[in-house]
Amino acid sequence: MICFPLIAGLLAAFVVTRAAAGVIDTPDCRRGLATANRFIEAVKARDKKFIAGDMATNCRLLRQNLNDMTKAREPMNRCLTGHERGETVAQMDASIADIRAVIAGKCW
């Protein structure tokens with residue numbers, strides 16, 4: 001059985017506040033990180049919508065999650081620094097790869 005909410009356990013680590021260490025504090029990065037957080041929150045909200053055995057629904061949700069995670073990654077990669085950036089971007093890359101693998105293996 002596949003665990004469709006692949007990234008639920010990691011999402012809490014992605015929500016970045018302006019006060020967080022390792023954040024570039026510019027208007028562009030504040031906007032970008034706020035947008036990234038909205039994408040991550042949308043992924044978290046979808047977590048409850050996965051239905052065991054309903055591949056059509058689950059694949060649609062996975063594609064939406066992939067899109068949102070990919071969009072969230074860019075400002076996090078650009079606006080986080082140091083350890084914060086390395087950890088967050090690596091976790092996002094792993095989650096994105098996991099989602100792509102499930103889509104490739106289970107979705108049509």
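What pattern does the protein chain follow, read along the sequence? The answer is α-α-α-α. The model is a predicted one: local features need pLDDT of at least 70, side-chain atom pairs count only at pLDDT 80 or more, and totals for chains, interfaces and linings use all residues. Numbering starts from 1 along each chain as its sequence is written, and side-chain values use heavy atoms, with hydrogens and water left out.

**View 1. The whole chain has four helices and zero strands.**
Helices (H or I, at least four residues) and strands (E, at least two) are DSSP runs, numbered from the N terminus. Of the 108 residues, 35% count as buried. Here buried means under 20% relative accessible area, exposed means over 50%, and partly exposed is in between, with a 1.4 Å probe and protein chains only. The accessible surface comes to about 5,900 Å², and 57% of that belongs to carbon and sulfur atoms. Those areas come from the Shrake-Rupley method with a 1.4 Å probe; for residues, only the protein chains shown count as cover. Now for contacts, meaning heavy atoms within 4.5 Å. Among those with a separation of 6 or more, 73% come from residues 24 or more positions apart.

**View 2. The largest nonpolar core has 22 residues.**
A nonpolar core is a set of buried Ala, Val, Leu, Ile, Met, Phe, Trp, Tyr and Cys residues joined through side-chain atoms within 4.5 Å. Leu62, Met69 and Met76 have the most contacts inside this one. H2, H3 and H4 are the elements that give two or more residues to the core, and H3 gives the most, with eight.

**View 3. Helix H4 takes in residues 82-106, valine 102 included.**
Does the span of H4 agree or disagree with its 25 residues? It agrees: at 1.5 Å a residue they should span 36 Å, and the end C-alpha atoms are 36 Å apart. The expected span is 1.5 Å times one less than the number of residues. The buried residues of H4 are Thr88, Val89, Met92, Ser95, Ile96, Ile99, Val102 and Ile103. Zoom in on valine 102, which counts as buried because its relative accessibility is 13%. Valine 102 and leucine 62 sit 40 residues apart in sequence, yet C-alpha to C-alpha they are 8.3 Å apart in space.

**View 4. A disulfide joins cysteine 29 to cysteine 79, S to S 2.1 Å.**
This pair links distant parts of the chain, with cysteine 29 in helix H2 (residues 27-46) and cysteine 79 in helix H3 (residues 55-79), 50 residues apart. A disulfide is a pair of cysteine sulfur atoms within 2.5 Å, and the structure holds two of them. The torsion about the S-S bond of cysteine 29 and cysteine 79 is about -80°, so this disulfide is left-handed. Both cysteine 29 and cysteine 79 are buried.

**View 5. The other disulfide pairs cysteine 59 with cysteine 107, sulfur atoms 2.0 Å apart.**
Again distant parts of the chain are linked: cysteine 59 lies in helix H3 and cysteine 107 in the segment after H4, 48 residues apart. The link of cysteine 59 and cysteine 107 is left-handed, with -90° about the S-S bond. Cysteine 59 counts as buried because its relative accessibility is 1%, and cysteine 107 is buried too, with a relative accessible area of 14%. Counting bonded cysteines along the chain, the disulfides follow the pattern 1-3, 2-4.

**View 6. Arginine 46 and aspartate 68 meet in a salt bridge, 2.7 Å from N to O.**
The pair links distant parts of the chain, arginine 46 in helix H2 and aspartate 68 in helix H3, 22 residues apart. Both arginine 46 and aspartate 68 are buried. A salt bridge is a side-chain nitrogen of Lys or Arg within 4 Å of a carboxyl oxygen of Asp or Glu, and by this rule the count comes to six.

**View 7. Arginine 78 forms a salt bridge with aspartate 28, with the closest N and O atoms 2.6 Å apart.**
Arginine 78 is in helix H3 and aspartate 28 is in helix H2, 50 residues apart. At 33% relative accessibility, arginine 78 counts as partly exposed, and so does aspartate 28, with a relative accessible area of 40%.
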